[in-house]
Amino acid sequence: ERTAEGYLCEWGVNAFLDKVPKTLELCAEVGLAPLRGDESAKKRYVYSEGRLHQLPEKPPAFLASRLLSWPGRLRVLAEVFPGASGKAAETLAEFGTRHLGREAFEKLIDPMASGVFAGDATRMSLKSCFPRIHEVEAEHGSLIRGLIRLQGQARRAGRKDRPGPGPGGLLTSFEGGMSVLTDTLAARLGGRLRLASAIEAIDYAQGRYSLRLANGASEEFDALVVATPAHVQQRLLRNLSTVIAGELGAIPYPALAVVCMGFDSARIGARMRPGLDGFGFLIPSREKRGILGTVFDSNVFPNRAPSGKVLLRTMVGGARAPELAEQQDERLIAGVLGDLRDILAIRELPEFVSIYRHAQAIPQYLVGHARRLEVIGEELRRFPRLVLSGNAFRGVSLNDC
């Protein structure tokens with residue numbers, strides 16, 4: 001949304017990482033020039049024990065960081081000697097505590113889970129949420145040993161993209177925001193794209209799929225790709241398979257609110273204040289705050305706010321406290337401003353506010369998610385040329401989908 005005040009607000013995903021070739025190839029195919037984020041986007045913070053701590057990017061910075069206590073930092077270094085799990089499936093909390101210790105889990109892994117999934121790390125599956133981390137442990141036993149070996153392999157191969165603890169890549173979007181991609185694809189498809197044609201149910205008989213539309217019509221197709229959210233797929237596919245519908249219906253989607261606020265840069269001291277000079281910050285659940293974190297959108301992509309202005313984008317709710325996302329506007333805004341006042345010392349009222357509520361936001365990959373996908377995959381063998389896609393299966397990011 002481009003507001004009357006000149007702010008550009010993303011109500012969904014705000015960027016993608018430029019490390020996946022297929023996404024960039026798609027952009028090139030449809031003639032789009034991606035917009036890379038500012039270098040300041042690499043500077044990220046975690047709010048802990050009353051202050052913001054910059055996330056260390058390299059080992060020396062980690063040892064100097066005060067985000068973790070000295071015992072907590074030493075416990076992380078002891079990760080080279082992890083104990084075996086003994087469990088077929090682990091939560092992020094179990095894995096993080098076993099490898100890095102309780103303090104590192106609470107201050108690093110827990111906020112990461114809320115930042116990516118708006119999720120609860122005590123219930124989410126490591127294998128499904130972060131499959132690469134699961135693979136590194138399986139191959140090397142220790143994350144630190146695995147990282148060292150992978151970096152050595154990259155160095156010997158002459159690659160510049162060395163594996164690191166972070167996700168890698170630069171945040172990337174478009175001059176007019178993420179909807180530029182979908183708008184461009186829609187324009188390229190032209191008349192082949194039909195909108196406002198709601199589907200009530202899908203049936204299958206004699207090798208053909210029949211779509212029953214809300215207007216009473218019915219149309220047949222040889223093949224289908226269903227890319228709606230899982231809870232919509234459940235409704236559409238209930239006539240085909242109660243097994244598939246049941247598994248899809250068990251994937252939870254907690255409520256999430258996105259609160260965009262615009263401020264005058266000079267009045268809040270954005271150029272000088274620590275924390276307002278990077279990508280943003282996340283908050284561990286142990287801090288008992290109402291917000292999950294805040295992204296400084298105008299730092300990442302300067303054209304997101306008018307000159308001399310700052311755009312902050314705050315997430316509220318998620319699996320931790322979905323009811324907070326459903327508060328009345330006044331209470332929601334007051335809660336966000338209260339936390340921003342405590343964390344960033346912002347005393348000014350915003351000159352602009354916009355709220356975007358998602359009753360069912362990001363799918364949660366809970367323990368047992370991998371088994372759920374296996375069951376769905378087996379059942380899909382009965383239905384040739386039916387493909388289920390979307391962010392409810394093997395990754396919630398744009399690149400994953």
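Phe117, Phe130 and Tyr365 make up one aromatic cluster in this predicted model. Rings of Phe, Tyr and Trp (its six-membered ring) pair if their centres lie within 6.5 Å, with planes under 30 degrees apart counted as stacked, over 60 as edge-to-face and the rest as tilted. Across the whole structure, 7 aromatic pairs are found. In one of them, the ring centres of Phe16 and Phe174 are 6.0 Å apart and the planes meet at 40°, so the pair is tilted. Phe16 belongs to strand 1 (residues 16–17), whereas Phe174 lies in the loop between strand 5 (171–173) and helix 9 (179–189), so the pair ties together parts 158 residues apart in sequence. Helices (H or I, at least four residues) and strands (E, at least two) are DSSP runs, numbered from the N terminus. Phe16 is buried, at a relative accessible area of 3%, and Phe174 is buried at 2% (buried, under 20% relative accessible area; exposed, over 50%; partly exposed, in between; 1.4 Å probe, protein chains only).

Gln364 is placed in the loop between strand 14 (352–358) and helix 15 (369–380), and is buried at 3% relative accessibility. Its contacts (heavy atoms within 4.5 Å), not counting residues up to four places away in sequence, include Phe117, Met124, Ile251 and His369. The side chain of Gln364 also reaches the backbone oxygen of Phe117 at 2.9 Å.

Residues are numbered from 1 along each chain as its sequence is written. Local features need pLDDT of at least 70, side-chain atom pairs count only at pLDDT 80 or more, and totals for chains, interfaces and linings use all residues, while side-chain values use heavy atoms, leaving out hydrogens and water.

Key: A polar contact is a pair of N or O atoms within 3.5 Å; within protein, one must be able to donate a hydrogen and the other to accept it, and residues adjacent in sequence count only if both atoms are side-chain atoms.
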